[in-house]
Amino acid sequence: MARLLIPGTASGPVLAADEGLSFWGGIDETTGRVIDAHHPLHGQSVAGTVLILPTSRGSCTGSGVLLELIQNGHAPAALVFREEEDVLTLGALVAHHLFGLSLPVLRLGADDFAALSRADHATISKDRLEAPNLSLSLQSETENGPALTPADRAMLDGAEGPAPQMAMRILADIARIQGAPDLLDVTQVHIDGCIYASPANLRFAEAFADMGAQVRVPTTMNAISVDHANWRDQGVPPDFGLPASRLADAYVAMGARPSFTCAPYLLDSTPKAGEIIAWAESNAVVYANSVLGARTVKHPDFLDLCIALTGRAPRSGVYLDAMRAARIVIHVELPAGHDDALWPMLGHLAGELAPGRIPLLTGLEDTAPSPGDLKALCAAFGTTSAAPMLHIAGITPEAGNIVPDADRTEIGRDDLARTWRQLNTGPAEIELVAFGSPHFSHAECRALVDALDGRRCAEGVHAIVTIGRASLDAARADGTVARLEASGVQIVPDLCWCSISEPVFPPKTQALMTNSGKYAHYAPGLSGRAVRFGSLADCADAAASGRAPGALPGWLT
């Protein structure tokens with residue numbers, strides 16, 4: 001089977017990997033070079049290649065990175081996937097509809113995918129794929145779209161203005177690619193595209209704002225790329241601060257709530273079990289589906305706004321009961337005496353073992369993870385897996401949903417030790433401790449106060465907490481912020497670690513430490529710094545001493 005998802009022609013050298021890649025945090029959007037230090041293509045450029053991946057993974061912002069690469073001339077010549085993929089496909093679709101730029105996207109069956117991966121060059125025409133020892137007819141499916149209601153059709157025909165019309169065009173096409181039979185109503189949207197990942201994000205948002213776009217359902221916003229009120233005082237250069245602020249303002253002008261948090265499940269609008277929502281931001285999607293029992297596909301950047309403008313989403317993926325079932329069981333041999341570093345490491349490992357499938361974790365039934373533990377696990381899982389949710393036996397609400405023939409595997413102490421080493425490649429001496437990826441909750445701020453126990457940050461060491469405005473207000477009200485600041489901890493609202501930049505990110509930092517599995521994975525590529533990872537207590541100790549623990553935690557030895 002060779003499906004032509006987005007038409008176009010291309011020719012170029014084949015660049016193949018059998019591991020998914022997140023373009024956000026994995027690709028330099030100005031050059032096309034792979035910066036994910038943990039990926040087999042690290043250091044190579046995707047520009048001009050026929051890029052062959054099983055699927056994407058990680059951040060929903062990958063669609064914006066691809067759009068920027070298409071617009072600046074450093075994109076792959078074509079994308080070829082083996083499995084279902086939405087994030088990068090959506091970036092190519094927006095380039096096609098909104099900007100008239102073409103990048104063909106294909107999906108191949110397993111045998112043809114393997115054969116093309118071994119080729120050194122490939123050519124794509126309007127109806128064929130040609131490579132050494134491979135010649136395939138391409139099946140175009142441009143006519144098979146979803147069933148639309150009269151209201152959907154009216155939007156598509158332009159009866160409600162140009163913005164809903166363009167949004168419905170993109171929605172109908174992505175629904176066709178997904179095989180969705182129709183569209184469904186959503187109760188709320190969380191926008192991820194407000195991060196200034198590249199100039200393409202701003203061009204997209206302002207194009208819709210200039211059309212007079214207004215959201216139809218309650219819509220919250222992800223963390224942005226600057227502290228909206230204070231970036232000038234923080235010394236952020238105007239050539240970055242102004243467009244990043246303009247991007248946030250464009251979404252607010254379209255009616256989105258300026259929540260500016262990557263943890264929308266901490267807001268007063270937290271969805272209920274079974275509620276049909278449309279969230280982007282990978283950690284939030286995994287948490288909403290897995291922990292809250294709400295329902296949302298991992299919507300890519302740009303599709304989030306299209307859904308907010310129409311109130312409609314394709315009926316596909318984990319909106320459907322059958323698609324929420326676990327397809328692999330991962331039994332965890334739980335080490336005695338573990339600390340909170342266990343949870344992000346489990347998420348990271350589970351994502352590696354289930355890069356495209358929903359897993360069920362067993363062996364944790366006698367644990368009592370906090371909301372912060374589950375937040376850390378979901379964020380790390382969303383970093384290494386493309387799956388939009390996971391189940392934990394005895395803990396998450398849908399853990400009994402499993403296919404009869406699910407594969408089985410295990411995670412043991414040795415696997416956790418390997419992951420700890422993978423995330424701890426930096427030196428013992430550190431200059432920065434990063435908290436809040438995803439954004440810290442009020443409870444996590446209090447836990448950090450307890451871990452510091454009155455100690456101050458060592459000379460030359462910065463400790464920074466990124467946080468959403470709602471959690472910040474609560475932590476200020478009970479004196480938690482004052483106690484953290486008395487210890488030398490800096491509190492930064494609105495932005496998060498995956499979008500932070502100098503000088504808010506201390507420029508003299510050579511190595512940092514974090515308790516986030518997500519940021520420990522992305523930081524080498526995003527910041528160019530060496531990284532250490534550990535528990536909240538380890539990070540508090542490092543802030544007070546300037547040194548990370550030098551060896552494996554005792555519970556892993």
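Good morning. Trp24, Ser59, Thr61, Asp192, Ile195, Asn222, Cys262, Glu281, Ser282, Cys496, Cys498 and Lys518 line the largest cavity of this structure. The model is a predicted one, in which local features need pLDDT of at least 70 and side-chain atom pairs count only at pLDDT 80 or more, while totals for chains, interfaces and linings use all residues. Residues are numbered from 1 along each chain as its sequence is written, and side-chain values use heavy atoms, with hydrogens and water left out.

A cavity here is a set of points, on a 1 Å grid over the protein atoms alone, where a 1.4 Å probe fits but cannot get out; lining residues have an atom within 4 Å of a point. Grid points are joined across faces, edges and corners, and the volume is the space filled by probe spheres set on the points. By this rule there are two cavities of 30 Å³ or more. The largest has a volume of about 60 Å³, and its lining divides into five nonpolar, four polar and three charged residues. In this scheme Ala, Val, Leu, Ile, Met, Phe, Trp, Tyr, Cys and Pro count as nonpolar, Asp, Glu, Lys and Arg as charged, and the others, Gly among them, as polar.

The second largest cavity holds about 40 Å³ of space. Its lining consists of Ser259, Thr261, Ala263, Leu266, Leu267, His439, Gly468, Arg469, Ala470 and Ser471. Four of these residues are nonpolar, five polar and one charged. Helix α14 (residues 469-477) gives the largest share of this lining, three residues; helices (H or I, at least four residues) and strands (E, at least two) are DSSP runs, numbered from the N terminus.

Is Ser59 buried or exposed? Ser59 counts as buried because its relative accessibility is 6%, where buried means under 20% relative accessible area, exposed over 50%, and partly exposed in between (1.4 Å probe, protein chains only). Leaving aside neighbours within four places in sequence, Ser59 is in contact (heavy atoms within 4.5 Å) with Ser22, Trp24, Val87, Ser282 and Tyr522.

I turn now to the cores. In soluble globular proteins, nonpolar side chains tend to be buried together. A nonpolar core is a set of buried Ala, Val, Leu, Ile, Met, Phe, Trp, Tyr and Cys residues joined through side-chain atoms within 4.5 Å. The largest has 147 residues, of which Phe23, Leu66, Val186, Phe208, Tyr251, Leu346 and Leu416 touch the most other members. Helix α5 (residues 162-178) supplies its largest share, nine residues. Apart from this core lies another of 28 residues, including Phe440, Leu472, Ile491 and Ala542.

Asp494 is found in the loop between β21 and β22. Its phi is near 80°, a positive value in a residue other than glycine, and at 2% relative accessibility Asp494 counts as buried. Phe302, in the loop between α8 (282-292) and α9 (303-310), has a positive phi near 85°. Phe302 is buried, with a relative accessible area of 0%.

How values were computed. 1 Å grid on protein atoms, 1.4 Å probe; cavity = no way out; pocket = protein on both sides within 12 Å on 5 of 7 lines; lining within 4 Å.
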